[in-house]
Amino acid sequence: MSSKPSLLHVAIIMDGNGRWARQRSLPRTAGHKQGIRVTREVVTACGEAGIKYLTLFAFSSENWKRPKAEISALMNLFAQSLQSEIQRLDEKGVCVRFLGQRNAFSEKLCEQIRLAEELTCKNDALFLSIAAGYGGRWDILQAVKDTVGDALRDELVPEDISEEYFTSRLVTGDMPAPDLFIRTGGEQRLSNFLLWQLAYTELYFCDTLWPDFSRDELYRAFESYRARQRRFGLTQEQLA
Ligand code: IPE
Ligand code: IPE
Ligand code: MG
């Protein structure tokens with residue numbers, strides 16, 4: 001029997017806020033607000049569990065197509081929670097980073113993000129990445145464009161483009177690939193999250209809506225992960 005797989009990087013699609021609110025006849029925004037409380041608990045729990053990288057999907061490139069009122073409520077919530085949480089995160093040694101296309105964010109939010117990243121950039125207790133305005137296809141395309149740019153400047157030839165090289169050009173370039181992917185809310189799809197990075201990640205889906213998710217459920221996902229054998233294409237015998 002091989003030893004338990006190590007758990008360094010957890011990536012989560014925090015889904016189900018709208019349905020949670022609808023079940024209570026509340027506006028969808030109430031679900032997002034409750035979702036933020038859960039996010040705070042999960043970040044703390046991951047830190048305590050010794051997770052080194054936590055990547056949270058907060059807003060996808062496709063979520064820009066939602067009703068304007070919901071988008072604006074979400075942007076306000078991002079700004080508010082960043083303002084109220086960043087000090088505490090910094091004190092806990094959390095390095096905060098945003099992944100995604102920022103040009104659609106307001107200038108004010110962009111500046112807030114920049115300051116939060118600058119404030120926490122030397123921290124290394126937990127690397128917390130918030131994917132906002134993020135799409136896996138966008139990420140791959142921006143890496144392709146970067147790579148082509150290097151080639152046009154004669155800085156590389158096609159043979160130089162290895163998997164390692166390409167991985168390094170993604171917005172997650174300096175992080176290991178996620179070991180465990182969690183999606184709450186019952187849907188079993190990737191919804192354009194880390195498409196390249198999840199190639200060998202262990203997937204865990206649960207029906208719990210994100211605002212009902214908890215530390216206990218998180219630890220259940222960790223337990224499920226630890227009971228798995230990651231083979232990466234090898235045979236069981238090779239791993240034993
Ligand atoms: C996830 O919850 C949060 C965002 C996508 C911003 P949803 O808002 O997608 O909630 P459901 O899936 O409609 O319940
Ligand atoms: C994925 O959830 C994005 C986030 C949780 C931020 P969605 O609710 O947007 O995904 P779909 O539309 O159900 O695939
Ligand atoms: Mg959803």
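1. L141 sits in helix 5, which runs over residues 136-152. The model is predicted. L141 counts as partly exposed because its relative accessibility is 48%. L141 is also part of a nonpolar surface patch, along with V144, V148 and L152. Together these residues have about 370 Å² of accessible area.

2. Helix 4 covers residues 107-120.

3. Which residues of helix 4 are buried? They are L109, Q112, I113, A116, E117 and T120. They cover an arc of only 130° around the axis, which means that they lie on the same side of helix 4. Helix 3 (68-91) and strand 3 (94-99) are among the elements covering these buried residues. The face turned away from the buried side carries E107 and K108, which are exposed.

4. Check the backbone at S25. Its phi is positive, about 55°, although S25 is not a glycine. Most residues other than glycine have a negative phi. S25 lies in the loop between helix 1 (17-23) and helix 2 (28-48). With a relative accessible area of 70%, S25 is exposed.

5. F232 also has a positive phi, about 50°, and is not a glycine. F232 belongs to the loop between helix 7 (215-226) and helix 8 (236-239). Its relative accessibility is 47%, so F232 counts as partly exposed.

Methods
Residues numbered from 1 in each chain as written. Chains lettered and ligands numbered in written order. Predicted model: local features only at pLDDT ≥ 70, side-chain atom pairs only at ≥ 80, totals over all residues. Heavy atoms only, no water. Helix = DSSP H or I, 4+ residues; strand = E, 2+ residues; numbered from the N terminus. Expected span 1.5 Å × (residues − 1). Buried < 20%, exposed > 50% of the residue type's maximum accessible area, 1.4 Å probe, protein only. Arc of directions from axis to C-beta. Contact = heavy atoms within 4.5 Å. Patch = residues over 30% accessible without salt bridge, like charges linked within 9 Å, V, L, I, M, F, W, Y side chains within 5 Å. Areas by Shrake-Rupley, 256 points an atom, 1.4 Å probe, with all protein chains shown as cover. Salt bridge = Lys/Arg side-chain N within 4 Å of Asp/Glu carboxyl O.
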